[in-house]
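Here is a friendly walk through one protein model and the molecule it holds. Have the structure open as you read.

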Amino acid sequence: MTVRQASQAVPAPRESAQPVAVKAPPDRLYGRQRGHPLRPRQQRLLDLTLPRLRLAESALADPARGFGRAPSEIWLEVGFGGGEHSLAQHASHPDVGYIASEVFENGLCSLLSRLVPDGQEDTAPVPDRLRLWDEDARILLRALPDRSLDRMFLMFPDPWPKARHAKRRFVHPETIRLVARVLKPGATWRVASDDPTYQAWVEEVMAAQDLFDTAPPAKIRPEGWPPTRYEAKALRAGRQPFYWVFTRR
Ligand SMILES: C[S@@+](CC[C@H](N)C(=O)[O-])C[C@H]1O[C@@H](n2cnc3c(N)ncnc32)[C@H](O)[C@@H]1O
């Protein structure tokens, strides 16, 4: 069975949950996956370093086996952008197996460039408790076993603020069921957003589900939440980020 054919079984919402009116999420991704043509260094990072860090398909059934050393917990970040948050979390939690996912090539290069010096893309040692997933994170969520993750991060996702694009948002009634399936009971899902439309959307979607316990968002970045590039942009522009923690029931 290929990763894409892997189980799509997710918990059905309980009857008490009030549905949110939105179309099913499209299978394809709408954000940019390629930017400017890659420089030679970036191409080497993708060709030589990325394969050494990519989460192996053979580890999907038991993701702990995807790391060089057995991890104490497994955490997943969706859409790491330039990788600042992933690398900071990985550095401060060296026992955790960290899966960082991103589809934008320049973002992947940005994280990889901080790991290996120029000219040593195929030889410099790479971390054994950090793995990258360079496809749509929803494919990974479908492939992972039930209750296999201890924590998940979604930092400043693409907001898709137009109502007709709501189905593209990562926080979506269908996608949160994928997230819920792979999280262990008591596991936390951190979500941050600076976009007022997305903030209201997260509140609406999470109020209509009963898979996670919710709490009002923090308005100041809590301790243990490393900053991200998009957050810095938002603060410079005077926008107010919200920081939520959802806990899997
Ligand atoms: C607005 S950026 C935020 C980047 C970073 N988290 C930050 O705060 O600086 C959102 C990122 O999520 C990535 N992304 C969107 N949907 C994704 C998906 N389904 N799987 C993996 N990455 C995704 C995009 O490529 C983009 O780089």
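The report below covers the ligand and its surroundings, then an aromatic pair and a helix.

## About the model

This model is predicted, so local features need pLDDT of at least 70 and side-chain atom pairs count only at pLDDT 80 or more, while totals for chains, interfaces and linings use all residues. Residues are numbered from 1 along each chain as its sequence is written, and side-chain values use heavy atoms, leaving out hydrogens and water.

## Around the ligand

Let's start with the neighbours.

Now for the polar contacts, which are pairs of N or O atoms within 3.5 Å. The side chain of Thr228 places an N or O atom 2.6 Å from an oxygen atom of the ligand. A backbone N or O atom of Ala137 is 2.9 Å from a ligand nitrogen atom, and a polar backbone atom of Arg229 lies 3.4 Å from a ligand oxygen atom. Taken alone, the ligand exposes 600 Å² (Shrake-Rupley method, 1.4 Å probe), and the protein buries 91% of that.

## An aromatic pair

Across the whole structure there are ten aromatic pairs (ring centres within 6.5 Å). The rings of Trp75 and Tyr98 are edge-to-face (planes over 60 degrees apart), because their planes meet at 65°, with centres 6.5 Å apart. This pair links distant parts of the chain, 23 residues apart: Trp75 is in strand S1 (residues 74-78) and Tyr98 in strand S2 (residues 97-101); strands here are DSSP runs of E with at least two residues.

## Helix H7

Thr228 turns up again at the start of helix H7 (residues 229-236; a DSSP run of H or I, at least four residues). There, a side-chain oxygen of Thr228 comes within 3.4 Å of the backbone nitrogen of Tyr230. Just after H7, Gly238 has a positive phi of about 85°.

How values were computed: A polar contact is a pair of N or O atoms within 3.5 Å; within protein, one must be able to donate a hydrogen and the other to accept it, and residues adjacent in sequence count only if both atoms are side-chain atoms. Rings of Phe, Tyr and Trp (its six-membered ring) pair if their centres lie within 6.5 Å; planes under 30 degrees apart count as stacked, over 60 as edge-to-face and the rest as tilted.
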